[in-house]
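User: Hello! I am new to this structure and would like to learn how to read its helices and side chains. Could you walk me through it step by step?

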Amino acid sequence: MISSTFTDLKEHREALIQAIGAQEMKDVGMDKDSAKLVDVIESSLQKVRDGSAYIGVISRKYGQTPPDTKRNPDKLSITELEFNEAQRLDRPILLFIMGEKHQLREADVETSAAKRKKLNAFRERAKRMNDSQVHRVYATFDSLEDFTT
């Protein structure tokens with residue numbers, strides 16, 4: 001399952017989809033639902049359930065936070081909800097985190113102070129194995145070229 005924000009990582013997602021396809025594997029992601037009317041929380045979590053592994057790409061945007069007082073009381077982003085579901089299901093997690101030197105358009109940077117705070121906390125929590133102090137293996141990238149390598 002590929003999980004990330006969408007508009008700021010289109011090229012990164014495409015590179016990841018090509019890499020997965022080159023290994024004769026099938027990618028699963030929300031891009032496949034773009035023409036459907038879907039419950040975004042349920043559809044996203046179902047994609048995690050359908051996948052045998054979770055690939056997360058965390059950039060400088062927190063992303064969409066669907067309002068739902070029962071299923072998303074903490075107003076988490078779709079990406080963070082998907083990550084949480086992958087952890088709950090004990091899926092293997094492959095994590096890529098955008099580095100500080102990655103060039104971005106202004107529109108690709110989180111402007112909301114509250115969402116920036118959530119993003120920073122999520123980035124740090126995602127690096128740790130099951131909320132412990134032990135870090136999981138993850139990669140940082142500072143450009144699209146760096147990411148594809």
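Predicted model: local features only at pLDDT ≥ 70, side-chain atom pairs only at ≥ 80, totals over all residues.

User: Let's begin with helix pairs. At what angle do the axes of helix H2 and helix H3 cross?

Analyst: To read a helix pair, look at the angle between the axes and how near they come. Helix H2 covers residues 40–50 and helix H3 covers residues 78–88; their axes cross at roughly 40° and come within 9 Å. The two helices are therefore oblique to each other. As for handedness, H2 passes H3 in a right-handed crossing.

User: Which residues of H2 and H3 meet?

Analyst: From H2 come Val40, Ile41, Ser44, Leu45, Val48 and Arg49, and they meet Ile78, Leu81, Glu82, Glu85, Ala86 and Arg88 of H3. Sorted by class, this contact of H2 with H3 holds 7 nonpolar, 4 charged and 1 polar residues. There is a general idea to keep at hand here. An α-helix has 3.6 residues a turn, so residues three or four places apart point the same way.

User: And how do H3 and helix H4 lie, roughly parallel or oblique?

Analyst: Use the angle again, with the cut-off that under 35 degrees counts as roughly parallel. The axes of H3 and H4 (residues 113–127) cross at roughly 25° and come within 11 Å. H3 and H4 are therefore roughly parallel to each other. Their crossing is left-handed.

User: Which residues of H3 meet H4?

Analyst: On the H3 side they are Thr79, Glu80, Phe83, Asn84 and Gln87, and these meet Lys118, Phe122, Arg125 and Ala126 in H4. The residues of this contact divide into 3 nonpolar, 3 polar and 3 charged.

User: How many residues of H3 are buried?

Analyst: For burial, the idea is to compare each residue's relative accessible area with a cut-off: under 20% is buried. In H3, 9 of the 11 residues are buried, so the helix is largely enclosed by the rest of the structure. Those buried residues are Ile78, Thr79, Glu80, Leu81, Glu82, Phe83, Glu85, Ala86 and Gln87.

User: What do the buried residues of H3 pack against?

Analyst: Their partners are both strands and helices: strand S1 (2–4), strand S2 (54–58) and strand S3 (93–98), together with H2 and H4.

User: Now the rings. How are Phe83 and Phe122 placed, stacked or edge-to-face?

Analyst: For a ring pair, check the distance between the centres and then the angle between the planes. The count comes to 4 aromatic pairs. For Phe83 and Phe122, the centres are 5.6 Å apart and the planes are at 70°, so the pair is edge-to-face. This pair links distant parts of the chain, since Phe83 sits in helix H3 and Phe122 in helix H4, 39 residues apart. Phe83 is buried, with a relative accessible area of 1%, and Phe122 is buried too, at 3% relative accessibility.

User: Let's finish with the loops. Which residue just after H3 takes a positive phi?

Analyst: Just after H3, Asp90 takes a positive phi of about 60°. Asp90 belongs to the loop between H3 and S3 and counts as exposed at 65% relative accessibility. Lys75 also has a positive phi, about 55°, although it is not a glycine. Lys75 is in the loop between S2 and H3 and is exposed, with a relative accessible area of 55%.

User: Where is Asp68 found, and which residues does Asp68 touch?

Analyst: Asp68 is found in the loop between S2 and H3. Not counting residues up to four places away in sequence, Asp68 touches Ile41 and Pro73. Asp68 and Ile41 are 27 residues apart in sequence, with their C-alpha atoms 8.9 Å apart in space.

Methods: Residues numbered from 1 in each chain as written. Heavy atoms only, no water. Axes fitted to C-alpha atoms, helices over the stretch in contact; angles between N-to-C directions. Helix = DSSP H or I, 4+ residues; strand = E, 2+ residues; numbered from the N terminus. Parallel < 35°, antiparallel > 145°, perpendicular 65-115°, else oblique. Left-handed = near helix turned anticlockwise from the far one by under 90°. Contact = heavy atoms within 4.5 Å. Nonpolar A, V, L, I, M, F, W, Y, C, P; charged D, E, K, R; others polar. Buried < 20%, exposed > 50% of the residue type's maximum accessible area, 1.4 Å probe, protein only. Phe/Tyr/Trp six-rings, centres within 6.5 Å; stacked < 30°, edge-to-face > 60°.
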